[in-house]
Every structure is written in C-alpha cells, then in structure tokens.
Amino acid sequence: MTYCPAIRAVPVGLKGAGIHFSVCHKRFTDFFFRFMNIGTGLPGSSLQICARLQPHTNTMKHQLIIRNAQVITLDRTIGDFSRADLLIEDDRIAAVGPDLEAPGAEEIDADGMIAIPGLIDTHRHVWQGQIRGITTDATLLEYMQTMHGTIGEDHGPSIGAIYRPQDVYIGNLVGTLEALSAGITTILDWSHIMNTPENADAAIRALKESGTRAVFGYGFSQTHGHLLDDARRVRSQYFTSGSGLITMALAIRGPEMSSMDDVRQEITLARELGIPITLHAIGGGPVQPVLLLHQEGLLGPDLNFAHANGLTDEELDLIAGTGGSISITPEVEMQMGIGLPVTGRAIAHGLRPSLGADVVTAVSGDLFAQMRMALQTERALQNDRLLKQGQMPQKLSLTTRDALEWATINGAKALGLENRVGTLTPGKQADLVLIRTSDLNLSPVNNPVGQVVQHAHPGNVDSVFVAGKAVKRNGKLVQVDWNRVRQQAVASRDYLFSQLEVAAVS
Ligand SMILES: [Zn+2]
C-alpha cells in the first residue's frame, strides 16, 4: 500500500495497523473487504477510506473541495460515507474520502448535505417547457392530437407544427433549467420539433446555454423527408468530437409510428453517423415493434426504447440479448393509458431500467417523483400478486437504492455514458447534487438513500454541479436571468396559444 497524500488523518480503526491507504481503490477494497470484513453503508459506517484517482501534480488547473457531506457514491466498490470530502479537479472527480488535503482549493462546506451523483433523465421532450401543464388531463390520443395533430391518419392543427426557432429555444431553455434545478445533470432531449433546420440550431443553443450535459436526440415527428440530410448537417456542424458536454442521438419514430422502410433508413443513417438511436416502443397493439426490428436484423446495443409497457416477454429478451436499453416514464404512462410501467418485468428479463419524465405538459419534471412512481408501482404490483394468493408479503424485492440506481448509473448506461457519469467515482466527470437535509421533510436523516428517494423533492436541491461547474448554489440557479427567461417563455406561450386560439391562464 502506498501513502495517500490526500488523507489528513489516519483512517479510523486502522491506526494500530499503521497502514495508510490510497486508491488504487479497486485493489485496496478487495483486500479490505476480504480481510477486515467491514461493510459500507450509512449511517454508522466505519469504513473511512480515500478513493483517489492519482496524486496531486502541479499541472492541475482548478481544485474544488466539497467538505463534510454524507456521500452516496453508488459505486459499489467505494461504497458510501457518513462524512467525507469530494475533491474535484477541473471537470473530474479526483478523490472521495474523509479529511482530504487540498491546500489552495476552493472550499464548499457541505455539512448537513447529502451528495449524490447527478440524476439522469433518459427520455424527455424538452421543447415543451413553456407549454407545461396543458395536457394534465389528457390520454395519449388527446396528447398526440394537441401536440402533433395526429390521431390515426388525420392531421389537424397542433402546437408542435407552429413552433418557431425562438419557441424551441425558450422551451428547451426553460425545460433544461427546470431539470438542472431538480438535480438532473444529464438529459436525453427527444427533440421531434424539426419544423425547420433553425429549430435544431435553436434547441442545441439552449442546451449549451443552460450548462447541462445532454444527449440531443435529433427527432422526427411525422415524416423524415429532408430531415435526414439536416441530421447529417447537425452532426457535422455541432458534434464532430462526439465527446463534449452535449452529444447527439437520432430520435426515430419506430415501427409503431412509421413504415419499416423509414425505420431502416433512419437506423442506417444513425449508424453511419456513429450516434445512438432512441425510439418509442409501447407494444401491446397490432405491431410488435421489437420483433419486427429483430426480423429486419436491426437490433443492437445502440437502441434505446422508451416505455416498453406492452412488449412481449420475447421482445424484452431480444432487447436484453442485444444490449439495448429501456426508458421507463412511469407517471405519464399511468396517466395516458400506455399500460403499467414495465419495471419488474424488465428486471426479470435482465434489463436495467432507466427513468424519464417524458412530458411536462402532463407530469412532474423531476426524477424524485419518477423514482417513487416506478418503485411504488412495482411494489404494489408484486404485493398485490401475493395478496391475491392469500399471502402477506414477507419482504420487498426492490429497494430505494435500486430506484436511485435507475435514475443515475442505469441512465448513464442507457445513454452510453457509464464511463463518464452515473456514480461518484474518481476519474468520472464531476456531475453531482447536494441535497439539504436541514429541511423539514428530510430532518433528521436516519436513512440517507431511503430518504433521498422517498422524501426528497427539487426544493431540497441546494447545489448542482455539471463537469465540476456549479449550475445551482444555495438553492438558486447560477448566472440565470430568470426574469428574462420567464418573459420570453410567456411571450412564446402567448404566441403559440394565440395561433390555436387557446386561452392562456397566467
Ligand atoms: Zn416520449
């Protein structure tokens, strides 16, 4: 073992052994668990180690240390800490552990805070930010008619059809700021609002301006037409590196909403451009979307399926077997008649659920709500099965920690970002959230993971960091002129409603 220069104090319980630990944490924790038989977990964990990427060098540009937080890393190798520091160097997490030394670093005292990895929303139509709330009592068919003017073959007037670039811009900005404020640091923006090429430019501009990490899903609503060429333009104009804060995906309609010829063309384009694909796949109707894709030889690890409620067991197996992922959006699915969330069935078939809010025109835009919805619905279903057999449930098979993983590391995996985000692991990007535990609904803390999932809400989010940069501090978004943003949102909303003769309720 080598001495860890970032540790100020000898780890509790190890003084007598005279051993100092650094990380190399994989080797260390293997040793530690095997020979010391100490577990992690909050509260009362006696594990006090330092997980560190590498020793300090003089080449570091900026250091930020977040001190004295309860840290839920969700990294199973590192575990959790009842009290620890997070050292951030530039955009990355450099070390996690108690009493880290970081002379000269900018310091934030996070006493009374729980630190968690930034939440990851894998399915949201962000452009709808300024028209929030207009489909809170709608079925899917009514929603489709309002937003896209489509019920079956009939195309009527719709809000989506009249979105101008400035509407996309402000919708995306409001939507992304809402998500950031709620601790969502990565968002899959399913952007099927490409009425003109300028709409794509406007969506991307807002994502960049907000400071979020995002996967911009260049999307198709009713037809792809000229959009295939425009998707190529967007890829070459904005996403040549493929590794920045914002990356690109293709958001395609899929076999339930377009012809297989279109599906084939769109998937072929995405693979030619080297970008992942996201599509809606509800199932349960006349079309078995995943089976069709399988028969066409189009399945693969680059496909992300939203909803998946009505997919057959065979289809879930096919997604799992080909390395694809799913996004569950429980709140909207239960409202709009898309079926019960597929959470338990997906897990039984080897899939790892991820979560999304989908549409703030109907439901809440925060993942605390989505975690609770997904977890409690699945618990209810499982409990109900036993009750109907005359048995009282003895144990719950899903935990709050499972739900927190759905909204973090599983989301990262679904978006192909698991090596960059999703856990508080040294070497990963510094995307993290500080949750204030002195608030009435979180105090005192007796079960950090359980309370984050079951009790927390966006109002408890004190601070949010994306790639080491603060986007929210002390409960307020940083460098956002909310009055300007709100005025633009209201003006856009008024324009959209006036075109459709919808009355705005301020
Ligand atoms: Zn959707």
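Leaving aside its neighbours within four places in sequence, which residues is Asp91 in contact with? In this predicted model, Asp91 is in contact with Gln429, Ala430, Ala467 and Gly468. To see where Asp91 sits, begin with the chain as a whole.

The chain has 506 residues, of which 52% are buried. It contains 15 helices and 20 strands. Take the contacts between residues at least 6 apart in sequence: 76% of them join residues at least 24 apart.

Asp91 can now be placed. It belongs to the loop that runs between strand S3, residues 80–89, and strand S4, residues 92–97. Is Asp91 partly exposed or buried? Asp91 is partly exposed, because 18 other C-beta atoms lie within 10 Å, while a buried residue needs 20 or more. A further residue to look for is Lys469: Asp91 and Lys469 are 378 residues apart in sequence, yet their C-alpha atoms are 7.2 Å apart in space.

The next feature is a sheet. Eight strands form this open sheet, and their order is S7-S10-S11-S12-S13-S14-S15-S16. The pairing of the strands is parallel. Which strands stand at the edges? They are strand S7 (119–124) and strand S16 (354–355). Each of these two has a single partner strand, so one side of each is left without a neighbour in the sheet. A helix also packs on the sheet: helix H3, residues 165–181, touches S7 and strand S10 (184–191). The direction of H3 makes about 150° with that of S10.

Further along the sheet, strand S14 (residues 303–310) and strand S15 (residues 325–328) run parallel and are joined by three bridges. Within this pair, Ala306 stands opposite Ser327 in S15.

Strand S15 also holds Ile326. Is Ile326 buried or exposed? Ile326 is buried, because 29 other C-beta atoms lie within 10 Å, and the cut-off for a buried residue is 20 or more. Not counting residues up to four places away in sequence, Ile326 touches Phe305, Ala308, Ile319, Val342, Ala346, Leu351, Pro353 and Ser354. Leu316 can be located from Ile326 as well: the two are 10 residues apart in sequence and 9.4 Å apart in space, C-alpha to C-alpha.

The two residues followed here can be set side by side. Asp91 lies in a loop and is partly exposed, whereas Ile326 is found in a strand and is buried.

Conventions: Residues numbered from 1 in each chain as written. Predicted model: local features only at pLDDT ≥ 70, side-chain atom pairs only at ≥ 80, totals over all residues. Helix = DSSP H or I, 4+ residues; strand = E, 2+ residues; numbered from the N terminus. Buried ≥ 20, exposed ≤ 12 C-beta atoms within 10 Å, placed from the backbone. Contact = placed C-beta atoms within 7 Å. Pairing = 2+ DSSP bridges. Axes fitted to C-alpha atoms, helices over the stretch in contact; angles between N-to-C directions.
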